[in-house]
Amino acid sequence: MRHGTAGRLRRVGALLLLTAGLARGDGNDTWDWKDDPATGKPKRKLVIGFDPSITNFEAATGFSLIDIVQEAAANWNQHTSVSGWEFVLTNAASGDVVIMSGDSPVPNGGASTARGTNTGGRVAQARVTFDPTPQAKKRGADGKPVFNPDTRKVVVEDLTWGTNGVGILDLISVTKHEFSHLLRKKHSTDSDGHERRDSGNLSDPVGKGNHQREPSAADVTNITLSATQ
């Protein structure tokens, strides 16, 4: 998975398909993509571009975000015929979705998705940003944040990007999770209102050592519903 960036964009010129939806009550109906001129309906075919900053991520970590995004998209795209969503990778530095690299001011687990909205909650473009030096709130065996008894603040821990290993933050799994937000998914919560962690669903936050690679049946059902809402 550690490859150079040179020539990678030429290889991803071929279209990659991706699909999406909702169901467990974790769908986000407060926004939608702007209308696609080809259909007159909210976009379900999303073009992914790569900001030049991704070279900084590769220089710091040894991982090509182009390779990672290609694998993540291809995995979600296996369900396109069912879900109705499609991801298309482009050589351009812009698109409906832009992949970027940058330091995060908060311990967000390594990656974040931000969307710009037009009037009425319609989105023209979203950005997925990967932090080369990821941090996250430390969590106990119960999945809840650990607090420093002296400062009463949440303990923050440094993470290491990788694709295997118990203490590794899986770059592929995190990317697939961030894609679920592009498909109008939000984090689901348990009966106590806490976000589910490492539940077996790609839509739930990824913790270190979690190498969830395949969408669960619930993920597929949920993304399929999100395409119709």
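## Getting to know this predicted model

Gly49 sits in strand 4, which covers residues 45–50. The structure you are looking at is a predicted model, and the questions below take it a few residues at a time.

Q: Why is Gly49 called buried?
A: A residue is buried when its relative accessible area is under 20%. Gly49 has 0% relative accessibility, so it counts as buried.

Q: What makes up the surroundings of Gly49?
A: Leaving out residues up to four places away in sequence, Gly49 touches Thr90, Ala92, Ser94, Val97, Val98 and Ile99. Touching here means heavy atoms within 4.5 Å. Also, Gly49 and Asn91 are 42 residues apart in sequence, yet their C-alpha atoms are 6.6 Å apart in space.

Q: Why is Asp32 called buried?
A: Asp32, in strand 1 (residues 32–33), has a relative accessible area of 9%. The cut-off is under 20%, so Asp32 is buried.

Q: How do you know that the side chains of Asp32 and Arg44 make a polar contact?
A: A polar contact needs a pair of N or O atoms within 3.5 Å, one able to donate a hydrogen and the other to accept it. The side chains of Asp32 and Arg44 make such a contact at 3.0 Å. Asp32 also touches other residues beyond four places in sequence, including Pro42, Gly121, Arg184 and Gln229.

Q: Why is Arg184 called buried?
A: Arg184 has 3% relative accessibility, so with a limit of under 20% it counts as buried. Arg184 is found in the loop between helix 5 (171–182) and helix 6 (217–226). Its phi is positive, about 65°, although Arg184 is not a glycine.

Q: Why is Arg152 called exposed?
A: Exposed means over 50%, and Arg152 has 70% relative accessibility, so it counts as exposed. Arg152 lies in the loop between strand 9 (135–137) and strand 10 (156–158). Arg152, which is not a glycine, has a positive phi of about 60°.

Q: How do you know that the span of helix 3 agrees with what it should be?
A: Helix 3 (residues 65–77) has 13 residues, and at 1.5 Å a residue it should span 18 Å. The C-alpha atoms at its ends are 18 Å apart, so the two values agree.

Q: What makes helix 3 largely enclosed by the rest of the structure?
A: Of its 13 residues, 10 are buried, so helix 3 is largely enclosed. Among the buried residues are Leu65, Ile68, Val69, Ala72 and Trp76.

Q: Why is Thr175 called buried, and which residues does it touch?
A: Thr175, in helix 5, has 0% relative accessibility and so counts as buried. Thr175 touches Ile68, Val69, Ala72 and Phe130, not counting residues up to four places away in sequence.

Q: Which helices do the buried residues of helix 6 pack against?
A: They pack against helix 3 and helix 4 (80–83). The buried residues of helix 6 are Asp219, Val220, Asn222, Ile223, Thr224 and Ser226.

Q: What makes up the lining of the second largest pocket, by class?
A: The lining has two nonpolar, two polar and five charged residues. Pro and Ala count as nonpolar, and the lining includes Pro42 and Ala227. Asp, Glu, Lys and Arg count as charged, and Asp36, Lys41, Arg44, Lys45 and Glu86 are in the lining. Thr39 and Gly84 are also in the lining, and these count as polar. About 160 Å³ of space lies in this pocket.

Conventions: Residues are numbered from 1 along each chain as its sequence is written. This is a predicted model: local features need pLDDT of at least 70, side-chain atom pairs count only at pLDDT 80 or more; totals for chains, interfaces and linings use all residues. Side-chain values use heavy atoms; hydrogens and water are left out. Helices (H or I, at least four residues) and strands (E, at least two) are DSSP runs, numbered from the N terminus. Buried means under 20% relative accessible area, exposed over 50%, partly exposed in between (1.4 Å probe, protein chains only). On a 1 Å grid over the protein atoms alone, a cavity is a set of points where a 1.4 Å probe fits but cannot get out, and a pocket is an open set with protein on both sides within 12 Å along at least five of seven lines; lining residues have an atom within 4 Å of a point. Grid points are joined across faces, edges and corners, and a volume is the space filled by probe spheres set on the points. The expected span of a helix is 1.5 Å times one less than its number of residues.
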